[in-house]
Amino acid sequence: MALTEKEYDVRELVPAFVNMYGGEAGDVRVYASPARINIIGEHIDYNGGKVFPAAIDRYLYVAIRKRSDTKIIYNDVRFPGTYEFDISDDFAYDKKNDYANYLNGILSQLKAKGYKLDSGFEILMVSNVPAGGGISSSSALECGFAYAVSDTFNLNIDRVEIAKLGQMSEHNFMGVNCGIMDQFIIATGKKNTAEMLDCATLEYEYAPLDLGDYRFVVMNTNKVRKLSDSKYNERRSQCESALKILQENGVKINALCELTPAKWEEVKAFVSDEILQKRAKHCVYENQRVLDAVSALKAGDLVKLGSLLNASHKSLKEDYEVTGIELDTLAETSQKQDGCLGARMTGAGFGGCAIALVRNDKVDSFIEAVQKEYTKKVGYAAGFFACQSGDGVARVS
């Protein structure tokens, strides 16, 4: 079942590009940039934690071609309106530029790093990643565009730097103080693996993602959410406050996730504010759940993995308070279904998506049962799709 829209056939993109811009199909390059799920490790990427995401087989596609002048033209298959700029522009955020801000944000960061483009270019994009759905449509856009520009103009920017460009664009251009997990997995992901990333050091390792008779089902609340308008920055600030209190009381750490659960229990009394204590507790225990999840997958223990997903959602609901009725209904209804080993929200929360680990032969009945309960409780339908792992950003034609 699709999330909201019929999936776009990427084979139609180049003919649509030529129909829009003219010229030869052979001059058009197409790049694919994946969505991602974070299997576990939520809201700790900006707290020095380890996260465990995987790229999935839903993609945003960027078709690009150099121009003979200095003009930049953006179009999107699904969204009306053409945006025009020039490579010499001093790019600045402007609300009326809508999705073009994400692209201009990348160009602004390229300029700041001293990269120069020798001509303009034209873009036609289309996405099979639901916008605002919690599986990182904006990061797919940033990294797909950055990789396409780098490859087309022979800038030779490596994948880790592509991820950093996406994060810097969010920080410096979009005003969202995000971590780097989303951009990192999209830039560096590999099919049939998940990736444990240490967000403090950017050290990472691939782990085989062998789910046997199970697969992840992505469940979209279909609640409209904009990350920059949410309480994301507030949660980050609360974590920074808790960290500062611990440091002032002699706890020698640079990030909350340096604490083990045992050490946290020793020092938590320093954080007397109940809200700050709950935020910090989530970070410490969620980081441990990441380590336990990687071990469980390496051991082929999917039941253990499922129990960790459930514990993660409970913490995000009760300690971090970023779920809400929509995500809670999806996760908690999922957890009761036959064939489901575990479920939790994924992404920033406040809407967006949840994931469930479901046996292949139960996927259809699972979706039907969860949809029925969700519609009854929330008042409108959710969206569902089963997914597999996918490759990171790449040229596809």
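**Note on salt bridges and a pocket**

1. Arg58 is buried, at 8% relative accessibility (buried is under 20% relative accessible area, exposed over 50%, partly exposed in between; 1.4 Å probe, protein chains only). This is a predicted model: local features need pLDDT of at least 70, side-chain atom pairs count only at pLDDT 80 or more, and totals for chains, interfaces and linings use all residues. Residues are numbered from 1 along each chain as its sequence is written, and side-chain values use heavy atoms, with hydrogens and water left out.

2. What does Arg58 pair with? Its side chain meets that of Glu7 in a salt bridge, 3.5 Å from N to O (a side-chain nitrogen of Lys or Arg within 4 Å of a carboxyl oxygen of Asp or Glu). Arg58 sits in strand β2 and Glu7 in the segment before α1 (13-21), so the bridge ties together parts 51 residues apart in sequence. Helices (H or I, at least four residues) and strands (E, at least two) are DSSP runs, numbered from the N terminus. Glu7 is partly exposed, at 46%.

3. Strand β2 also carries Lys66, which is 52 residues from Asp118 in the loop between α2 (100-112) and β5 (121-127). Asp118 is exposed, with a relative accessible area of 62%. Lys66 is partly exposed, at 36%.

4. Glu321 and Lys278 make another salt bridge, 3.6 Å from N to O. Here the link runs from the loop between α9 (302-318) and α10 (325-335), which holds Glu321, to helix α8 (residues 274-298), which holds Lys278; the two are 43 residues apart. Glu321 is partly exposed, at 33% relative accessibility.

5. Shared partners join Arg65, Arg67, Asp69 and Glu122 into one salt-bridge network. The structure holds 29 salt bridges.

6. The second largest pocket has about 220 Å³ of space. Of its 17 lining residues, Leu209, Leu211, Cys387, Gln388 and Ser389 are the closest to its centre. On a 1 Å grid over the protein atoms alone, a pocket is an open set of points where a 1.4 Å probe fits, with protein on both sides within 12 Å along at least five of seven lines; lining residues have an atom within 4 Å of a point. Points are joined across faces, edges and corners, and the volume is the space filled by probe spheres set on them.

7. β2 (50-66) and β8 (214-220) each give at least two residues to this pocket's lining. By class, the lining has 9 nonpolar, 5 polar and 3 charged residues (nonpolar: Ala, Val, Leu, Ile, Met, Phe, Trp, Tyr, Cys and Pro; charged: Asp, Glu, Lys and Arg; polar: the others, Gly among them).
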